[in-house]
Amino acid sequence: MGDGSITFEEVLMEEGFIPKWLALGREEGREEGREEVAQNLLKKGWGIEETAETADLDIEKVRLLAQNIR
């Protein structure tokens with residue numbers, strides 16, 4: 001999110017309704033999903049910048065993923 005807003009899940013975690021480890025696991029899963037999307041886009045010939053924007057990943061992360069594909 002990066003805009004300073006807090007997610008509903010973060011509120012639940014702060015209030016003790018969701019254990020922190022569970023919330024962190026969910027975020028790791030989302031990150032893995034974004035990486036998988038980026039890999040698929042790169043395999044289809046998408047550029048690094050547009051892949052990073054579409055998959056909501058840091059451009060440096062996408063560059064690393066691209067190195068592993070080629």
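Tutor: In helix α3, the buried residues (under 20% relative accessible area, with a 1.4 Å probe and protein chains only) are Ile48, Thr51, Ala52 and Ala55. Seen down the axis of α3, they fall within an arc of 100 degrees, so they line one face of the helix; the arc is taken from the directions from the helix axis to the C-beta atoms. On the other side of α3, Glu49 and Glu53 are exposed, where exposed means over 50%. This is a predicted model, in which local features need pLDDT of at least 70 and side-chain atom pairs count only at pLDDT 80 or more, while totals for chains, interfaces and linings use all residues. Residues are numbered from 1 along each chain as its sequence is written, and side-chain values use heavy atoms, leaving out hydrogens and water.

Helix α3 covers residues 48-55 and packs with helix α4, residues 59-69, at an angle of about 120 degrees, the axes being 9 Å apart. Helices here are DSSP runs (H or I) of at least four residues, numbered from the N terminus. Axes are lines fitted to C-alpha atoms over the stretch in contact, and angles run from 0 to 180 degrees between N-to-C directions. On the α3 side, the contact (heavy atoms within 4.5 Å) is made by Ile48, Glu49, Thr51 and Ala52, and on the α4 side by Ile59, Val62, Arg63 and Ala66.

After α3 comes Asp56, with a positive phi near 55 degrees. Asp56 is in contact with Arg34, a residue of helix α2 (residues 20-43). Arg34 counts as buried, at 18% relative accessibility.

Terms used. Helix = DSSP H or I, 4+ residues; strand = E, 2+ residues; numbered from the N terminus. Lists of a residue's contacts leave out its neighbours within four places in sequence.
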